[in-house]
Amino acid sequence: MADGRLQQTLWIVWLLATVGLAAWLGNTMLSEKADKGVFMPGPLTPGHHQLQLACEACHSEPLGGGEVLQEACINCHGATRKKPFDSHPVSKFRDPRNADRLENIDALHCVTCHTEHRPEIARHNGVTQPRDLCAHCHGDIAAERPSHRGMAFTTCAAGGCHNFHDNRSLYTKFLIKHLDESALLDTAVIPQREFAQLLDQLEDYPAGQYPVQVLALQDADADRGVAAGQQVHVDWAATAHAQSGVNCSACHQPQAPDGTQPAWSEHPDEQVCSRCHHLEAERFTRGKHGMRLAAGLPALQVSDARLPMRADAGHQTLGCNSCHGAHRYDVRRAATEACTACHNDPHTLAYEGSPHADLWRQELSGDLPAGSGVSCATCHMPRIEFDVTDWLTRVMVDHNQSANLSPNSKMIRSVCLQCHGLEFSIDALADRQLVDNNFSGSPALHVSTMDLAAAEKERRDSEAGEDGDTSMFGF
Amino acid sequence: MSIRMKSSIGLAVCMCMGVAIAAEPGSETVSVKAMADALHMVMDSDRTVYTKKIVNRLVKKDKVIKASEHFEDDQALALPAQMFRFGAEMVAERSADNPEVNFSYSLQSLWPVNKQNAPQTDAEKEGLKFIAEHKGKNFYTTEKLGKQEYFTAIYPDIGVAPVCVSCHNAHPDSPKTDFKLGDVMGGVVIRIPVES
């Protein structure tokens, strides 16, 4: 009997413990405020560590499965996962003829390759990615391209040759076109921005509320006891804002579309900037600087970064004004000093003494024309042709400074080739020591990409058919 | 063999194709073969217009612009085959959002410039060989890919313009360099899911 009672008691204890645990876990999962760390299968990769404990950013439904995760990936990364950028779009794998490949590797779902709670398998760029992913479908590449015979499957992405999602950069004809270029090109300038020139074509620019006109110091419409002529007004009067009819109230008291004006705001936030600069703001939230804002979290604090940062900048948070500064909106400061005020790694620290910085100083002093200097932003926030709509493109500073970082060969086309030859660019980006000293010197290693291209050109030249009119086709 | 056409696409296709594929007045059902034939007629006509009236005219006749597979870098016209593929990709994306209109198509060849466009499934291998050997005939079959049964139609893709032939013959990655005008250069494969 005693045994029976003990057993009964144990059953009750077990039952209560189970129910209690289930209730606690259930409450933790479903409660908005509860710390959900108990469910973490592991810390996040460097790519997503800022979202640590913001589980809902990806697991938007507590009981959702893979489809919820997929949606979360696409919410943030969808725009860059489309043609023409993505050479392996999902639509390619939905094609029934690739059904057998899908059984081999489920290319429809991001998590097949990217495992976000396994930082220990992340590559040096912070992205988790199997090293053999190309071989699953292209294992027979040597038969098609004899030049690739003997290459290990771990080398596909080396030197910037092949990226799963953006495979346009270094195709054969492109390589051949850029054979025998010198390290430094004669036309070493970067394109100029086009925002001001295209204002009248930007449908969502509120030109009706803020007509484009030149405003002077005395036009400043702040009436909050700020005397005209104070430094903030002087700063403002020198900006593109004043040149374009953007008065104090445009940011501090932005009109609603129906014309109503809210109360004066002392510290306008990113929402106000994005009324006119929404593409820049949107791109900002796609990168490491602004991704917490996209997830509805407070802005990133510098002390939370995993890269080496200056201790005295630890308290800074990341928003538009942290780089641009209110009122003065000095894009030159935003292009270098704003970066070096926080970043504290060898590459950043070496910038001041680099040839790039020397050119930048010469541009600032007026000794070189605009576009000749190389600031941090020149490479990390490049001016690229951006599709504003399906029908309009403008040269814009890409405020997603993470976009061309990983792997760094993504910089070759959008950045390096503005000034440098292709072979030099490939070699320089592959030389980690040269990257660390901010390109003070010449590449110490050589990637064989251009040698392959030269051999292919020789093959093509020797096999050129009798068809004499190939010049009209862009092979 | 037939699939039940949903009214939206049924109506749209009927409007394009008139009585050719409508089984009976007021009917919402068309044969899957007629559906595939109709789709192919639209695809083929659009691409022929692009090839003849845009690419061949501007590249070969007027000589004012190039056509290039790297058309963005080269500031050139997209090749007719690319224009066709872009359409196929857009259909793949749009039909993913609208499963009621579910079909896919692709351009393939026994002599593909891009080896990924070589026949892959048994039906493709058989069909491409058939249309190459039986000029003017289409190839129809069913096949199971993954867990889904498909009606698969393969139509000959003819070199209709001199630019088709000269470009493929001269392309460094083309395995065949002696195409002539009017040759079967490949095939359009249309797949429509059907119930087993």
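1. Conventions. Residues are numbered from 1 along each chain as its sequence is written, and chains are lettered from A, with ligands numbered from 1, in the order in which they are written. The model is predicted: local features need pLDDT of at least 70, side-chain atom pairs count only at pLDDT 80 or more, and totals for chains, interfaces and linings use all residues.

2. Chain A in outline. Chain A has 23 helices and two strands; helices (H or I, at least four residues) and strands (E, at least two) are DSSP runs, numbered from the N terminus. The C-alpha trace of chain A spans about 100 × 80 × 45 Å along its principal axes. Of the 475 residues in chain A, 21% are buried. A residue is buried if 20 or more other C-beta atoms lie within 10 Å of its own, exposed if 12 or fewer, and partly exposed in between, with C-beta atoms placed from the backbone.

3. Chain B in outline. Chain B holds six helices and six strands, in the order β-α-β-α-α-α-β-α-β-β-α-β from the N terminus. Buried residues make up 33% of its 196 residues. Among contacts in chain B with a separation of 6 or more, 54% are between residues 24 or more positions apart; a contact means C-beta atoms, placed from the backbone, within 7 Å.

4. The sheet of chain B. Four strands form an open, antiparallel sheet in the order β3-β6-β5-β4. Its edge strands are β3 and β4, each pairing on one side only; pairing requires at least two DSSP bridges between two strands. Neighbouring strands are turned by 25 degrees against each other on average, direction ignored. Axes are lines fitted to C-alpha atoms, for helices over the stretch in contact, and angles run from 0 to 180 degrees between N-to-C directions. Helix α5(B) lies across β3, β4, β5 and β6 of chain B and runs at about 170 degrees to β4(B).

5. Strand β6(B). Nine of the eleven residues of β6(B) (residues 184-194) are buried, so this strand is largely enclosed by the rest of the structure. Ten bridges join β6(B) to β5(B) (residues 148-158), with B:D157 opposite B:G186 and B:Y150 opposite B:P193. Five bridges join β6(B) to β3(B), where B:S104 stands opposite B:R191.

6. Helix α4(B). The 18 residues of α4(B) (residues 80-97) should span 26 Å at 1.5 Å a residue, and the end C-alpha atoms are 26 Å apart, which agrees; the expected span is 1.5 Å times one less than the number of residues. Buried in this helix are B:P80, B:A81, B:F84, B:A88 and B:A92. They cover an arc of only 125 degrees around the axis, which puts them on the same side of α4(B); the arc is that of the directions from the helix axis to the C-beta atoms. The buried residues pack against α3 (90-94) of chain A and against α2 (32-61) and β3 (104-108) of chain B. The face turned away from the buried side carries exposed B:M90, B:R94 and B:D97.

7. Nonpolar cores. The largest nonpolar core has 35 residues, and those with the most contacts inside it are B:A36, B:I154, B:I190 and B:I192. Elements of chain B giving two or more residues to this core include α2, α4, β5 and β6. Apart from it lies another core of 32 residues, among them A:C323 and A:M396. A nonpolar core is a set of buried Ala, Val, Leu, Ile, Met, Phe, Trp, Tyr and Cys residues joined through C-beta atoms within 7 Å.

Definitions and conventions: Contact = placed C-beta atoms within 7 Å.
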